[in-house]
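I am opening my notebook on a new structure today. Come along while I look things up one at a time.

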Amino acid sequence: MVDEHRHEPGNLLVVLLDLQQRLGHLDPALVPVVAHELNLSRAEVHGVITFYRDLRTTPPAPVRVRLCRAEACASVGAEALVSDVGERLGARLGGTTPDGQVSLEEVFCLGNCALGPSGQVDGRVHGRLDADRVLDLVARARP
Ligand code: FES
């Protein structure tokens, strides 16, 4: 798999995204393997993994909620939405619900700025969200 991207510019991020897509998350045991294959230091690989919010080292929760906190959504109530949803789910940003079934994440623009506050539940983008709607979408998406 690394060979497919070995000579591409910015190949480290491409390799990490590809691995995550295939494996679900980036197990820390992969860091020395990727570093060796791309002739990089472990610190370089670890640095990229911890810098990019879309890369994760633990398996994702079955239901993933991502709420936009960028400017257009912030101007129409995104911060209150994040706070309300977090409180009602019992999850902090970057964390999961107590049962580990729902993760709550921030994102900075989903390309749905005109319909903010926007968010994504299980990969689908939704606009004009309020906490009731987010919780309804979560309830439908729960396994
Ligand atoms: S600013 Fe929220 S979708 Fe663009």
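**Entry 1**

I started in the loop between H4 and S1, where Asp54 lies. A reminder to myself before going on: this is a predicted model.

Is Asp54 buried, partly exposed or exposed? I looked up its relative accessibility, and at 40% Asp54 counts as partly exposed. The cut-offs I need here are under 20% for buried and over 50% for exposed.

Next I asked which residues Asp54 touches, not counting residues up to four places away in sequence. The list is Gln20, Arg64 and Arg66. With Arg66 there is a polar contact between the two side chains, at 2.9 Å.

I also checked the spacing to His25. Asp54 and His25 are 29 residues apart in sequence, and their C-alpha atoms are 10.0 Å apart in space.

**Entry 1: Stepping back to the whole protein**

I then wanted an overview. The protein has seven helices and five strands. Reading along the sequence, I wrote down the pattern α-α-α-α-β-α-α-β-β-β-β-α.

The assignment divides the protein into domain 1 (2-51) and domain 2 (63-141). Taken over C-alpha atoms, the centres of the two domains are separated by 29 Å. The C-alpha trace of the protein spans about 50 × 30 × 20 Å along its principal axes.

How much of the protein is buried? Buried residues make up 39% of the 143 residues. I also looked at contacts with a separation of 6 or more, and residues 24 or more positions apart account for 55% of them.

**Entry 2: One side of H3**

Helix H3 runs over residues 30-37, and its buried residues are Val31, Val34 and Ala35. Why do they sit on the same side of H3? They do so because they cover an arc of only 100° around the axis.

Just after H3 I found Asn39, which takes a positive phi of about 55°.

Leaving out residues up to four places away in sequence, Leu81 touches Leu67, Pro117, Leu129, Asp130, Ala131 and Val134.

Entry 3: Glu105 counts as buried because its relative accessibility is 18%, and the cut-off for buried is under 20%.

Which residues is Glu105 in contact with, leaving aside its neighbours within four places in sequence? I noted Arg64, Val65, Arg66, Leu67, Leu93 and Gly94. The side chains of Glu105 and Arg64 are joined by a polar contact of 2.8 Å.

**Entry 4: Cysteines**

How many disulfides does a search of the whole structure find? The search finds zero. I checked some cysteines one by one. Cys68 counts as buried, at 3% relative accessibility, and Cys73 counts as buried too, at 2%. Cys109 is partly exposed, with a relative accessible area of 38%. Cys109 is found in the loop between S3 and S4.

**Entry 5: Backbone angles to remember**

Phi of Cys109 is positive, near 85°. Asp122 has a positive phi as well, near 50°. I found Asp122 in the loop between S4 and strand S5 (124-126), and with a relative accessible area of 38% Asp122 is partly exposed.

Which peptide bond did I note as cis? It is the bond from Gly116 to Pro117, with omega near 0°. Pro117 is in the loop between S3 and strand S4 (119-121), and Pro117 is also one of the residues that Leu81 touches.

Key. Residues numbered from 1 in each chain as written. Predicted model: local features only at pLDDT ≥ 70, side-chain atom pairs only at ≥ 80, totals over all residues. Heavy atoms only, no water. Disulfide = S-S within 2.5 Å. Buried < 20%, exposed > 50% of the residue type's maximum accessible area, 1.4 Å probe, protein only. Polar contact = N/O pair within 3.5 Å; in protein donor to acceptor, adjacent residues only side chain to side chain. Contact = heavy atoms within 4.5 Å. Helix = DSSP H or I, 4+ residues; strand = E, 2+ residues; numbered from the N terminus. Arc of directions from axis to C-beta. Domains from an automatic or database assignment.
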